[in-house]
Amino acid sequence: MEVVSVAGLGWPEHRRVRTALRRPAAKGQTGLGWPAGSESSAAADEAWLAELACQSLAPGAPDGAVPMRVRRALASVPRETGQSAVAGASVPGGMHVVARADSVGVAGVGTGESEVEVAIPAGPDAVADTPIARAAQAAVVARSGGAPWPRPPSCRVITIANQKGGVGKTTTAVNLAASLAMHGSRVLVVDLDPQGNASTALDIEHHSGVPSVYNVLVDDAPIGSVVQQVAGFQQLYCVPAAIDLAGAEIELVPLVARESRLARSLAGYDASHLDYIFLDCPPSLGLLTVNALVAAPEVLIPIQCEYYALEGLEQLLRTVDLVRSHLNPALAVTTILLTMYDGRTRLASQVADEVREHFGAVVLGSVIPRSVRVSEAPSYGQSVMTYDPGSTGAIAYLEAARELAQRSAAAAAG
Ligand code: ADP
Ligand code: MG
């Protein structure tokens with residue numbers, strides 16, 4: 001297999017792909033220059049997915065960058081990227097805000113229950129059942145003024161993606177999920193990273209041999225059979241990932257509908273007792289991330305307030321466009337979260353300002369600060385929401401989760 005060189009900042013220097021992406025749309029072609037006909041479209045998909053697989057295997061080695069490069073990267077990101085067929089509100093900058101999806105393809109079909117399946121209770125107001133969870137819940141409720149958060153009318157499925165590693169995808173998935181679960185929502189985190197960081201942070205068993213998302217993707221196991229309940233929360237669940245998932249990227253290649261396997265599995269899963277499903281992606285744009293993008297109508301992109309942070313965005317947004325064109329017409333970038341903000345640096349505020357200027361209302365008002373407590377929490381098998389609920393990181397994630405919940409309500413009302 002050809003390994004694409006990753007020069008500089010994680011953007012593959014593969015002429016054919018770059019040319020294809022930049023070719024202006026001609027008759028019979030979709031907006032990004034990909035052929036629209038089914039045969040040639042299939043061929044293009046093949047080539048594209050092959051490239052994605054290559055990208056996921058290529059070493060990413062960012063080199064030096066200057067603010068001008070950041071600005072250039074932003075300038076090349078198309079402002080209309082978020083447009084989609086899903087109903088929602090337009091916002092300045094041309095992004096398409098969809099705070100919730102009306103249909104997430106998780107209608108109540110048979111769940112294929114097994115003996116080990118975790119039953120997700122229908123009740124909305126279960127409370128934490130351990131001392132630490134109760135203390136955490138009391139702290140966050142006190143800080144949020146005790147007001148209950150709105151729950152979406154139907155389950156929102158949100159992919160948390162960014163092909164850069166270490167930008168806060170997993171931290172965001174875990175802490176948004178914990179915050180929402182503490183405020184009455186029923187939340188499932190699907191760990192799609194072979195490193196299993198979300199499973200570790202939620203203290204879920206995920207050693208080799210434990211039924212995991214690998215079995216869902218490769219063996220067609222029902223999702224319900226691999227869900228585990230997160231200790232200390234009555235309403236937080238996790239589908240773990242183990243290291244065998246690393247092989248899935250290759251094993252999926254010859255399988256039928258390889259990029260839609262998670263979507264098919266979710267479509268057969270009764271999510272009517274859930275309010276949110278977060279799909280925590282690996283740091284690549286390979287088949288695992290594509291499966292997540294096909295399975296969810298919403299994408300949440302965490303952006304680290306650092307150099308390089310914006311360099312891979314163009315590629316990510318083009319991938320979102322391609323998945324929308326070919327595989328999931330409902331897909332839209334609905335949320336951007338600024339992470340690891342260091343208030344002592346001017347660079348962090350510059351990056352935050354540029355992102356807000358470019359993406360408008362899609363960017364959550366809450367910014368996650370760099371916080372030692374956030375980085376310590378996973379080693380205790382906890383979210384920061386339970387590890388140190390009064391810390392700046394926990395409060396910021398709480399605010400971000402509240403915004404997410406309020407957007408659900410606003411979309412439902414509008
Ligand atoms: P990703 O999933 O995108 O690879 P992670 O969420 O695993 O990124 O974060 C990468 C590392 O940075 C982890 O060690 C995590 O604990 C740490 N981290 C994430 N967010 C913060 C933060 N706000 N402050 C400090 N450290 C953080
Ligand atoms: Mg991660």
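A residue counts as buried under 20% relative accessible area, as exposed over 50%, and as partly exposed in between, using a 1.4 Å probe and protein chains only. This is a predicted model, where local features need pLDDT of at least 70, side-chain atom pairs count only at pLDDT 80 or more, and totals for chains, interfaces and linings use all residues. Residues are numbered from 1 along each chain as its sequence is written, chains are lettered from A and ligands numbered from 1 in the order in which they are written, and side-chain values use heavy atoms, with hydrogens and water left out.

**View 1. The protein has 15 helices and 12 strands.** Helices (H or I, at least four residues) and strands (E, at least two) are DSSP runs, numbered from the N terminus. Of the 414 residues, 56% count as buried.

**View 2. Residues 1-40 have pLDDT below 50.** Here pLDDT is the predictor's confidence in each residue, from 0 to 100. For the protein its mean is 75, and 64% of the residues reach 70 or more. Residues 53-67 also stay under 50. Where pLDDT is low, the predicted coordinates should not be read in detail.

**View 3. Tyr380 and Tyr387 form a stacked pair.** Rings of Phe, Tyr and Trp (its six-membered ring) pair if their centres lie within 6.5 Å; planes under 30 degrees apart count as stacked, over 60 as edge-to-face and the rest as tilted. By this rule there are two aromatic pairs. The ring centres of Tyr380 and Tyr387 are 4.9 Å apart and the planes lie at 20 degrees, so this pair is stacked. Tyr387 has 19% relative accessibility and therefore counts as buried, while Tyr380, at 52%, is exposed.

**View 4. Tyr276 and Phe278 are a stacked aromatic pair.** Their rings are 6.0 Å apart, centre to centre, with 5 degrees between the planes. Both Tyr276 and Phe278 are buried.

**View 5. Ligand 1 is surrounded by 14 residues.** A residue is near a molecule if one of its heavy atoms lies within 4 Å of it. The closest residues are Gly166, Lys169, Thr171, Pro369 and Ser371. Helix H5 (169-182) gives the most to this shell, with three residues; strand S12 (363-369) and helix H13 (372-376) each supply at least two.

**View 6. Backbone atoms of Gly166, Val167 and Ser371 meet ligand 1.** A polar backbone atom of Gly166 is 2.7 Å from an oxygen atom of the ligand, and one of Val167 is 3.1 Å from an oxygen atom.

Methods
Contact = heavy atoms within 4.5 Å. Polar contact = N/O pair within 3.5 Å; in protein donor to acceptor, adjacent residues only side chain to side chain.
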